[in-house]
Amino acid sequence: MRASKQLLPLLGAVIGLLLFFRMWVPNLLAPENLLDLTQQISVNAILAFGMTLVILIGGIDLSVGALLALVGTCAVFVLDRKLALAQSSLWILPAVLAGLGVAALFGAFTGFCASKTKIPPFIITLATMLVARGMALGFNEGRPIPIPEHQTLFLGLGNGRLGGLLPTPVFVMLLVFAVTTVLLHFTRFGRHLYGIGGNYEAARLSGIPIVRNTIIVYMICSLLAGIAGMIHTSQLYSAEPASGTGFELNAIAAVVVGGTSFSGGIGTMPGTLVGAIIIGILDKGLNQAGVHFSLQYVVKGLVILAAVFADVIRRK
Amino acid sequence: MKRTSMLLLGAGIVAALACGCGAKDAKPETGGQGKLFGVVYQTMNNPFFVELNAGLKSVIEAHGDQLVTLDSQFNSLKQKNDISDLLLKGVSGLFINPVNWEGIKGSLIQAKDKGVPSIVVDAPVKDEELVLCQVASDNVEAGRLAARALAQVRRPAKIVILHHSINKACIDRVEGFREELAKYPDMQVLDTQEGKGTTEGARPVMRDLLGRFPEVNAVFPINDPSALGAISALESAGKLKDVTVVTVDGSAEGVAAIKSGKLHSTSAQFPREIGRTAAEKMYDHLAGKAVEKDVAIRVELVSKENADTFAQAK
């Protein structure tokens with residue numbers, strides 16, 4: 001009930017924005033353009049789904065942008081080995097596992113620190129962001145590493161189309177959305193997260209396993225950063241150790257525009273999806289309307305502020 | 001509940017307004033006579049690209065056409081999205097200045113599939129068979145000029161290079177610089193570090209290099225902004241007198257630094273000329289004429305002797 005009440009104004013904003021930009025961009029609503037929009041938001045949305053869980057329990061993860069670069073670089077480093085086995089496109093398996101393994105380690109470490117020490121998650125993930133960025137730049141002197149052309153499966157991850165129609169990144173985004181929605185809204189684990197974020201003391205006294213849940217949440221967030229990282233890398237036909245700077249902020253913007261409270265305990269997964277769509281429409285609309293790039297920053301900032309302000313007013 | 005419905009009402013009004021205006025606006029845009037072109041830069045935080053853009057714009061607007069300029073902020077993903085936005089908006093031609101000279105491949109394929117010609121400006125791309133042509137400064141020559149200028153004033157030389165190695169133009173400059181340097185055995189490169197091609201990126205890197213190599217007496221930052229960062233670091237360390245800075249670019253800021261004696265020389269590029277030439281090649285192609293694949297634009301050494309005349313000529 002509450003979820004739908006929160007979602008309706010957001011959907012109204014989506015329709016409003018689409019129709020608004022259509023004034024300047026007549027073919028904005030063309031099917032091809034809308035499909036392109038879903039493809040453009042996929043990396044940010046996948047990051048934002050993980051970020052939603054973290055913000056729900058009152059945390060924050062600044063490291064996802066750097067982790068995205070690190071995981072992509074690790075995966076391509078494995079793909080690029082000069083082994084006989086690595087000539088097969090099935091070599092994607094060890095590459096993906098290596099990437100996700102690194103992501104899981106980072107997530108587990110962050111979650112452990114966030115639940116067991118008194119260091120604020122902002123500081124922990126600020127530190128892990130620097131560590132991840134440094135490790136990524138350690139490969140190939142910080143220069144991009146091209147993906148070998150015979151690795152067709154990995155290249156298909158970012159550039160392929162399922163059934164010749166649905167872009168693979170969009171499919172992955174929808175899959176991640178379905179899994180995280182079920183996890184958050186239809187399991188006991190999900191209800192516990194609302195408990196931890198809503199009232200930490202009460203959650204602790206009622207016996208919710210806070211340490212375990214916190215570690216799991218940060219691990220999910222990191223793993224999703226890893227998945228986004230591999231899609232991003234595939235889209236660029238190369239791993240770019242310096243990429244992903246500022247992606248965490250774009251993900252946070254999608255989460256808060258989607259109605260998740262920055263102080264924890266309130267928020268939904270569909271809200272975040274719509275938040276990512278709103279950010280995506282803004283980017284696309286401003287670009288296609290030919291708005292000067294300097295003005296684009298200003299408009300985007302003001303819209304984010306307005307969206308969150310409207311949300312705060314409604315909650316009063 | 002009340003507020004929700006009010007918001008919905010507001011959204012509805014905006015929607016209705018948009019529908020009305022959208023229908024009216026749709027016609028002039030599709031039926032207009034002028035063509036639309038798009039350009040995407042790796043950054044606009046560099047006067048070089050502002051100049052280049054002015055060159056492009058002057059030719060395109062002289063034809064009565066329109067140019068949309070986008071800034072990818074050194075973000076390859078944003079550049080990919082920017083390009084697909086322009087392609088789906090229906091541009092007749094695309095000018096690209098890539099963030100990542102390999103990573104741009106997907107966008108080049110997309111443009112090719114749509115039958116939109118793309119011309120690369122300033123920094124080359126790896127998959128050059130996917131583009132119509134590449135218009136850039138002769139960057140190898142620019143590097144050679146810088147090394148030659150340095151050899152005249154600083155020997156023996158202990159040199160550090162502030163690179164931006166994700167960018168092919170910068171790779172070429174360093175290659176030309178090293179190639180020329182090989183002729184002088186007493187000139188030696190101590191280290192190459194990433195200065196990111198920006199003032200704020202180069203400054204801390206230069207400070208660190210000064211700490212590690214007190215004997216440094218020459219710097220080759222690969223463009224004017226990073227040269228200004230290096231100069232600022234040298235000034236604050238009180239070492240500007242002992243260290244010669246040579247670079248490549250020729251921006252107004254760089255020339256001003258030469259006049260004030262802080263920068264020795266810069267191998268000047270002609271960004272407006274790059275922009276104008278790129279636009280002319282695009283119109284040649286659209287008119288059915290053949291276009292050569294690689295167009296190198298001249299570079300010219302600017303030092304104290306010709307700084308004034310160069311500044312006026314621009």
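Two residues are in contact if their C-beta atoms, placed from the backbone, lie within 7 Å. By that criterion, in this predicted model, 15 residues of domain 1 of chain B are in contact with 13 residues of domain 2 of chain B.

On the domain 1 side of this boundary in chain B, helix 2 (47-62) and helix 10 (271-286) each supply at least two residues, and helix 10 of chain B provides the largest share, with four residues. The domain assignment of chain B places residues 33-136 together with 271-297 in domain 1, while domain 2 takes 139-270 together with 303-313. Taken over C-alpha atoms, the centres of domain 1 and domain 2 of chain B are separated by 28 Å.

Turning to the boundary between the chains, 43 residues of chain A are in contact with 38 residues of chain B. The elements of chain A that give two or more residues to the side touching chain B are helix 1 (2-22), helix 2 (31-56), helix 10 (210-235), helix 12 (269-288) and helix 13 (293-315). Of the residues on that side, the largest share, 10 residues, comes from helix 1 of chain A.

Methods. Residues are numbered from 1 along each chain as its sequence is written. Chains are lettered from A and ligands numbered from 1 in the order in which they are written. This is a predicted model: local features need pLDDT of at least 70, side-chain atom pairs count only at pLDDT 80 or more; totals for chains, interfaces and linings use all residues. Domain bounds come from an automatic or database domain assignment.
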